Amino acid sequence: MSKKPLILGIESSCDETAASLITENEQGMPVVLSNIISSQVNVHKKFGGIVPELAARSHVEKIDWIVQKAIDESGREIEEIDAVASTAGPGLIVCLSVGLSFGKTFAFSLKKPFIAVNHLEGHALSPKLNSSLNYPYLLLLISGGHSQFLNVQGLGKYKRLGTTIDDALGEAFDKTAKLLGIEFPGGPQIEILAKKGDPNKYDLPKPIFNKGGCNLSFAGLKTSVLKITKEIKTDQEKFDLAASFQKTIEEILYKKTKIAFKEFEKQNRVKDKVFVVAGGVAANKKIRSMLKNLCIEENYQSIFPPIEFCGDNASMIAMVGLEKFKLKQFDSLDHPAKPRWPLDENAIFLKGAGVKLQ
Ligand code: KG4
Ligand code: ZN
């Protein structure tokens, strides 16, 4: 029996301090030995959003015991670790620096290779933690900071098909929640409130619905929600607004995903078409079931990571580490933290005023 690689993953790009150990079984399938996540929700709640300095301080306070706990829970010894993979970007620089420096120091002291991981690639590969997944596949990445359709052609090979031109989807959920008086991060709460509401009560805008290919836009929704919240008085009206918001998102994603399918098919002549949905918002059950049904209609296989791997975690970082380890793609100990690090470096920047869409 050959020795399987044992990879330590570390994540600190935003408001989760996380560490994980993964390996492989004899069939070459990843095995998660530990997955420790410490969320900072309580640190940021009263500010209604993430305060970078507080987030960084909290990472510094917790990182060593989170890594220790990940090693203890894995049942393996520190000396058995074959490589250390840390998130190097994108994210808040003060936060990234904590996990990155820790990972580099750890790798150096163990005399083992260091691997710098793109956080978005972690989300992109997260379904590999529990399903066998071959390239190419179409990825919808919907998180608090990003909303993109990507043609995933291989490890490190991404072609962006569409992106948000303003807010990320998770951000739109969180901002709507805030307007409804729900504590940060409110995305998951919107899903709960929406269950009690009438999705057809409010007619909300669908920005760039009929143009811009599979690019997305959510900022106009927030303005409309703001106007309505000034008029609503009862809890039932709140539930109706949450339900109408979620229904609008479903309609936008349904239409834009259909367009992304066509774009993907133009770029790849594949018989087995696979659609992966990852990132924090992929935990939303209504969005999952709508996209699953769309895949049945359009003859795609749909793959979602398990809920615990949708939000930020270090197993997905270790997963990228494992793939890179097998290809001997190691990084030097002076690899910088990269606050902006797109998966498709050639894609044009599509944010802000002046963006022209057809
Ligand atoms: O991937 P993630 O944990 O962090 C980033 O990399 O951004 O995504 C966090 C985002 C937050 O905006 C959160 O409100 C949203 O995912 N989210 C949800 C749900 N669970 C998390 N949005 C809608 N419905 C959910 N169930
Ligand atoms: Zn993330």
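Predicted model: local features only at pLDDT ≥ 70, side-chain atom pairs only at ≥ 80, totals over all residues.
Is Leu-96 buried or exposed? Leu-96 counts as buried, because its relative accessibility is 0%, where buried means under 20% relative accessible area, exposed means over 50%, and partly exposed covers what is in between, with a 1.4 Å probe and protein chains only. Leu-96 lies in helix 3, residues 93–110; helices (H or I, at least four residues) and strands (E, at least two) are DSSP runs, numbered from the N terminus.

Residues are numbered from 1 along each chain as its sequence is written, chains are lettered from A and ligands numbered from 1 in the order in which they are written, and side-chain values use heavy atoms, with hydrogens and water left out.

Let us turn to ligand 1. There are 19 residues around ligand 1, and Gly-144, Asp-174, Glu-191, Gly-280 and Asn-284 come nearest; a residue is near a molecule or strand if one of its heavy atoms lies within 4 Å of it. This shell divides into five nonpolar, 11 polar and three charged residues. Here Ala, Val, Leu, Ile, Met, Phe, Trp, Tyr, Cys and Pro count as nonpolar, Asp, Glu, Lys and Arg as charged, and the others, Gly among them, as polar. Helix 4 (119–125), helix 5 (169–179) and helix 6 (187–194) each supply at least two residues of the shell.

A polar side-chain atom of His-119 lies 3.3 Å from an oxygen atom of ligand 1, and an N or O atom in the side chain of His-123 is 3.3 Å from an oxygen atom of the ligand. From Gly-170, a polar backbone atom is 3.2 Å from an oxygen atom of ligand 1. Taken alone, ligand 1 exposes 560 Å², and the protein buries 85% of that; accessible areas come from the Shrake-Rupley method with a 1.4 Å probe, and for residues only the protein chains shown count as cover.

Next, follow strand 9, residues 274–278. Five of its five residues are buried, so strand 9 is largely enclosed by the rest of the structure. Val-274, Val-276 and Ala-278 point one way from the strand, Phe-275 and Val-277 point the other way, and all are buried.

Strand 9 has partners too, where two strands pair if DSSP finds at least two bridges between them. Strand 6 (residues 137–142) pairs with strand 9 in the parallel sense over four bridges, and Phe-275 in strand 9 is the bridge partner of Leu-138. Strand 10 (residues 301–303) also pairs with strand 9 in the parallel sense, over three bridges, and there Ser-302 is the bridge partner of Phe-275. The chain crosses from strand 9 through helix 9 (residues 285–298) to strand 10 in a right-handed β-α-β crossover; right-handed means that, with the strands pointing away from the viewer, the path from the first strand over the helix to the second runs clockwise.

Side-chain contacts elsewhere are also worth a visit. Asp-82 is found in the loop between helix 2 (52–74) and strand 4 (83–89), and counts as buried at 16% relative accessibility. Its side chain makes a polar contact of 2.7 Å with the side chain of Lys-3; a polar contact is a pair of N or O atoms within 3.5 Å, and within protein one must be able to donate a hydrogen and the other to accept it, while residues adjacent in sequence count only if both atoms are side-chain atoms. The side chain of Asp-82 also reaches the backbone nitrogen of Leu-6 at 2.7 Å. In strand 3 (residues 30–39) lies Ser-38, whose side chain is joined to that of Lys-62 by a polar contact of 2.7 Å.

Finally, look at the backbone. The peptide bond from Gly-89 to Pro-90 is cis, with omega near -15°, and Pro-90 lies in the loop between strand 4 and helix 3. Another cis peptide bond joins Tyr-135 and Pro-136, with omega about -5°. Lys-111 is not a glycine, yet its phi is positive, near 60°, and at 76% relative accessibility Lys-111 counts as exposed.
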